Amino acid sequence: MEKHGIIWDWNGTLLDDVQLCVQCINLLLKKRNLPELTLQKYREVFGFPVKDYYQRVGFDFSMEKFEIPAQQFMQCYNSHLSETPLFPCVQDVLSFFQEKGFRQFIISATEHRSLVKILDEKGLLPYFDAVSGIDDIYAGGKIEMAHHFMKKLRLNAQGVVFVGDTLHDREVALSLGIDYLLVASGHQSKDRLWAKTSKVINTLAEIKQKTLP
């Protein structure tokens with residue numbers, strides 16, 4: 001009988017990289033004489049596809065190709081990634097579910113090789129049966145990748161839950177036909193999440209009190 005499983009998002013769910021993302025996008029906005037974002041504003045406008053989010057904050061892709069700021073953002077992001085912390089309870093939470101016999105996975109909009117590298121550096125790889133990142137840096141979304149991931153690993157949708165921090169993570173879970181839970185300490189505000197679903201917790205630590213499939 002297959003063990004129950006958790007598919008984790010990475011950015012904003014396990015990795016506390018929101019401040020870094022605000023710092024990097026503001027660097028790009030400042031270079032273009034565009035208004036910079038507060039943390040609150042960022043969490044109100046961030047979303048997938050990332051190209052649409054860039055346009056919402058003022059980038060004009062009739063003046064430059066999307067790939068230019070996307071590459072500049074990733075240069076900034078990657079230069080500070082190694083010093084970016086996990087949320088404080090991550091190892092405790094992963095250990096908790098590992099001890100309960102859950103299979104654990106990651107699906108992320110992070111480029112795959114970078115994802116594996118940072119997981120290794122943070123000492124987290126042993127917690128996961130498999131991880132999957134995207135094959136480019138442009139963060140279009142995760143739905144197609146998630147379907148491939150489920151099929152490749154022959155995961156039964158029943159008994160699997162997706163844990164993320166954005167409404168796109170909810171979209172991925174609904175597309176897969178699996179349950180989900182959103183954490184309101186990541187890239188989108190609690191108000192945005194609650195506007196679509198009640199399956200929201202304030203911090204990752206609270207997940208240990210939730211009954212998962």
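**A tour of the sheet and its helices**

Begin by selecting helix H4, residues 67-80, whose 14 residues at 1.5 Å a residue should span 20 Å, and whose end C-alpha atoms are 20 Å apart, which agrees. The expected span here is 1.5 Å times one less than the number of residues, and helices (H or I, at least four residues) and strands (E, at least two) are DSSP runs numbered from the N terminus. This is a predicted model, in which local features need pLDDT of at least 70 and side-chain atom pairs count only at pLDDT 80 or more, while totals for chains, interfaces and linings use all residues. Residues are numbered from 1 along each chain as its sequence is written, and side-chain values use heavy atoms, with hydrogens and water left out.

Staying with H4, colour Pro 69, Ala 70, Phe 73, Met 74, Cys 76 and Tyr 77, which are its buried residues (under 20% relative accessible area, with exposed over 50% and partly exposed in between, for a 1.4 Å probe and protein chains only). Viewed down the axis of H4, these buried residues fall within an arc of 165°, so they line one face of the helix; the arc is that of the directions from the helix axis to the C-beta atoms. Show helix H1 (18-31) and helix H3 (50-56) next, against which the buried residues of H4 pack (contact means heavy atoms within 4.5 Å).

Now turn to the open sheet, where 6 strands with parallel pairing follow the order E3-E2-E1-E4-E5-E6; two strands pair if DSSP finds at least two bridges between them. Strand E3 (130-134) and strand E6 (200-201) stand at the edges with a single partner strand each, so one side of each is left without a neighbour in the sheet.

Select strand E1 (residues 5-8), which pairs in the parallel sense with strand E2 (residues 103-111) over 4 bridges, Ile 6 standing opposite Gln 104 in E2. E1 also pairs with E4 in the parallel sense over 4 bridges, and there Trp 8 stands opposite Val 163.

Move on to strand E4 (residues 160-164), where 5 of the 5 residues are buried, so the strand is largely enclosed by the rest of the structure. Val 160, Phe 162 and Gly 164 point one way from E4, whereas Val 161 and Val 163 point the other way.

Finish at strand E5 (residues 179-183), which pairs with E4 in the parallel sense over 4 bridges, Tyr 180 being the bridge partner of Phe 162. From E4 the chain crosses through helix H8 (residues 167-176) to E5 in a right-handed β-α-β crossover, meaning that, with the strands pointing away from the viewer, the path from the first strand over the helix to the second runs clockwise.
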